[in-house]
Amino acid sequence: MASSGARSALGSSLRPVSKAAAAYATLRKSIRVGDLEPGERVTLKRLSEHLGMSLTPVREALNRLESEGFVVHDPHRGTFIAELTVERIEQVYRLRCVLEPMAVRLAGERATSNDLARLHELVVACDEAATPLETVESNEELHLAIYRLSGDALLAGFIDQLWAGMPYPSLGLYGSVSRVGQSSEEHHRIVDAIAEGRLDDAAEAMRVHIEHGREAALRNLRED
């Protein structure tokens with residue numbers, strides 16, 4: 001066991017990283033929920049004041065967000081929230097169609113009765129979501145819960161990164177009654193197949209679900 005002095009020194013050395021991580025998480029969430037809109041210009045000073053942090057952790061957070069494609073920096077124009085494009089949607093959903101069915105199969109092999117009960121609860125939570133934000137958040141919670149059950153942290157991490165690249169308002173689920181209803185039926189189909197051990201069916205149902213999400217996201221982008 002480490003001594004209290006060692007723990008204190010370690011904690012001290014990690015504090016700047018923790019602040020940068022907190023800034024990153026907050027800004028990423030702001031982008032995802034649409035508080036920071038695609039194409040919006042942001043400045044280090046304004047973000048630092050908004051977050052109540054010094055410039056250094058916010059700069060680190062912006063650098064990370066830029067490396068992940070959430071923001072873009074132009075030396076002559078400044079820093080902007082990345083625009084969502086048809087190309088980016090296609091890239092994200094193409095990878096999701098490969099990785100997520102794989103995670104579903106692994107999850108089905110490992111899921112316990114308690115895990116399955118929890119998945120059914122999350123499906124119901126999706127059905128009962130009362131607002132567009134609740135809908136997309138409960139949808140994400142269900143999906144990521146399935147992928148975490150795969151037991152493959154690297155795979156789940158890749159999938160999480162793909163999800164993080166799609167702002168909530170850009171999703172076809174956001175405010176679309178027809179897509180919400182279709183998505184609900186697909187969620188039940190996926191979880192029921194997992195529970196019954198029909199893992200090929202579950203994986204295929206997930207692939208179809210993601211493909212329908214891609215179509216809805218593209219339609220939503222074009223309508224905007």
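A cavity is a set of grid points where a 1.4 Å probe fits but cannot get out, and its lining residues have an atom within 4 Å of a point. Rolling a probe the size of a water molecule over the atoms shows where empty space is left. Keep in mind that this is a predicted model.

How many cavities of 30 Å³ or more does the structure hold? There are 2 of them. Here is how they look side by side.

| Cavity | Volume | Lining by class |
|---|---|---|
| Largest | about 190 Å³ | 7 nonpolar, 6 polar and 3 charged residues |

Start with the largest cavity. Its lining is made of 16 residues, and those nearest the centre are Tyr 93, Arg 96, Asn 139, Leu 171 and Leu 173. Several helices take part: α4 (86-110), α6 (132-148), α7 (153-164), α8 (177-195) and α9 (199-223) each give at least two residues to this lining. Which of them supplies the largest share? That is α9, with 3 residues.

Now move to the second largest cavity. Around it you will find Ile 31, Pro 38, Gly 69, Phe 70, Ile 81, Ala 82, Glu 83, Leu 84, Arg 88, Gly 165 and Pro 167.

Finally, a look at the aromatic rings. Counting rings of Phe, Tyr and Trp whose centres lie within 6.5 Å of each other gives 0 aromatic pairs. A ring can also have a charge over it: the charged end of Arg 64 sits over the ring of Tyr 24, at 3.6 Å from the ring's centre.

Methods. Residues are numbered from 1 along each chain as its sequence is written. This is a predicted model: local features need pLDDT of at least 70, side-chain atom pairs count only at pLDDT 80 or more; totals for chains, interfaces and linings use all residues. Side-chain values use heavy atoms; hydrogens and water are left out. Rings of Phe, Tyr and Trp (its six-membered ring) pair if their centres lie within 6.5 Å; planes under 30 degrees apart count as stacked, over 60 as edge-to-face and the rest as tilted. A charge sits over a ring if NZ of Lys or CZ of Arg is within 6 Å of the ring centre and within 35 degrees of the ring normal. On a 1 Å grid over the protein atoms alone, a cavity is a set of points where a 1.4 Å probe fits but cannot get out, and a pocket is an open set with protein on both sides within 12 Å along at least five of seven lines; lining residues have an atom within 4 Å of a point. Grid points are joined across faces, edges and corners, and a volume is the space filled by probe spheres set on the points. Helices (H or I, at least four residues) and strands (E, at least two) are DSSP runs, numbered from the N terminus. Ala, Val, Leu, Ile, Met, Phe, Trp, Tyr, Cys and Pro count as nonpolar, Asp, Glu, Lys and Arg as charged, and the others, Gly among them, as polar.
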